[in-house]
Each structure stands twice: as C-alpha cells, then as structure tokens.
Amino acid sequence: FRFRPIGLHLRLDGGEPCHATVSSLAVLKKVHFAGGMRYDTPVTPDDGTFDVALWGRMRQGRILLTMAGLYAGRFRGRPRTAYRRAARVELEPERPASLELDGEVTRVVRAELVVLPRRLRICG
C-alpha cells in the first residue's frame, strides 16, 4: 500500500529516450512468470528481442486488475499499459529502484539489458 509509481528514462534499441512514470516495467524473454501469470506477447527464447511491457501510473486497484488479467493471459490493450519489442533496453530510474532478474533482486540507478543471440547453447 506504500508503493509509489516511479519516473524513469527509457531508451529502446538506441532510439530517442523517453520519460515515463511506471508502476512496473517487465522486460521479457518468456511470457510465463510468478506461478501462473503470463503475458500475451509474441516473445520467444530465440527471436533475438525482448518484449517490453510497461505498466503506466496506476492506483492499487488498477494494479490488481492488471495482475488478474495476467492470470488470464491478457495484458496488451489493458488500460494504462504499453508494449514494445527491442533487442536493447536502457533504463534509468529517477531514484534507486529494485531490479529483479530471474529471481535475484538488486537495487539499481541505471540498467542496460541486451539480447546476445546464440550465446547460450541449451540441449544440443
């Protein structure tokens, strides 16, 4: 209940930076997460891009509705959400923020996420 949306500067694929106030920002290589939630974006593990799901400024009730939508696999087109694709995501929050990567949480003042195609060989 004490959560406050955070402003951040976001740049996708080296394009023009934009400023957004977000409740959450998800950078995906898989659509499933957190025990049953899933995005309805077309990302695949081998497509060379991330799906970037932005949750705009939301009150707690809208956050809960968006989360409920994720349990049904519906995100795109929901109020105060946006979706893009990018191979490089740079972000700089206005204040230190938590960044969760595959279950590990760290505080960051800046982050750059990059897809490195064919760098990890799995099963063959």
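Predicted model: local features only at pLDDT ≥ 70, side-chain atom pairs only at ≥ 80, totals over all residues.
Student: Why is the pair of F33 and Y39 called stacked?

Tutor: Two values decide it. The ring centres of F33 and Y39 lie 5.4 Å apart, and the limit for a pair is 6.5 Å. Their planes are 25° apart, and under 30 degrees counts as stacked. So F33 and Y39 form a stacked pair.

Student: Is F33 buried, partly exposed or exposed, and what makes Y39 buried?

Tutor: F33 has a relative accessible area of 30%. Buried needs under 20%, and exposed needs over 50%. F33 is therefore partly exposed. Y39 has a relative accessible area of 5%, so Y39 is buried under the 20% limit.

Student: What makes the pair of W55 and F75 tilted?

Tutor: The centres of W55 and F75 are 6.2 Å apart, within the 6.5 Å limit. The angle between their planes is 40°. Stacked needs under 30 degrees and edge-to-face needs over 60. The W55 and F75 pair therefore counts as tilted.

Student: Why is the W55 and F75 pair said to link distant parts of the chain?

Tutor: Look at where each residue sits. W55 belongs to strand 5, residues 50-56. F75 lies in the loop between helix 1 (60-71) and strand 6 (81-86). The two are 20 residues apart. Both W55 and F75 are buried. Ring pairs also link F33, Y39, W55 and F75 into a cluster, and the structure holds three aromatic pairs.

Student: How do you know that the charged end of R76 sits over the ring of Y83?

Tutor: The charged end of R76 is 5.4 Å from the centre of the Y83 ring. The distance limit is 6 Å, and the charge must also be within 35 degrees of the ring normal. R76 is listed as sitting over Y83.

Student: What makes strand 1 and strand 2 a pair?

Tutor: Five bridges join strand 1 (residues 6-12) to strand 2 (residues 18-28). At least two bridges are needed, so the strands pair. They run antiparallel. In strand 2, A20 is the bridge partner of L8. The two strands form a hairpin with five residues between them. In that turn, D13 has a positive phi of about 55°.

Student: What makes strand 7 a partner of strand 1?

Tutor: Again there are five bridges, here between strand 1 and strand 7 (residues 88-93). The requirement is at least two, so strand 1 and strand 7 pair. They are antiparallel. Opposite R11 stands E90 in strand 7.

Student: Which residues have the most contacts inside the largest nonpolar core?

Tutor: They are L10, V22, F50, L54, V89 and L91, in a core of 17 residues. Strands 1, 2, 5, 7, 8 and 10 each supply at least two of its residues. A second, separate core of 12 residues includes A26, L28, I63 and L70.

Student: How do you know that the T81 side chain makes a polar contact with R78?

Tutor: The side chain of T81 reaches the backbone oxygen of R78 at 2.7 Å. The distance limit is 3.5 Å, so the contact counts.

Key. Residues numbered from 1 in each chain as written. Heavy atoms only, no water. Phe/Tyr/Trp six-rings, centres within 6.5 Å; stacked < 30°, edge-to-face > 60°. Buried < 20%, exposed > 50% of the residue type's maximum accessible area, 1.4 Å probe, protein only. Helix = DSSP H or I, 4+ residues; strand = E, 2+ residues; numbered from the N terminus. Core = buried A, V, L, I, M, F, W, Y, C linked by side-chain atoms within 4.5 Å. Polar contact = N/O pair within 3.5 Å; in protein donor to acceptor, adjacent residues only side chain to side chain.
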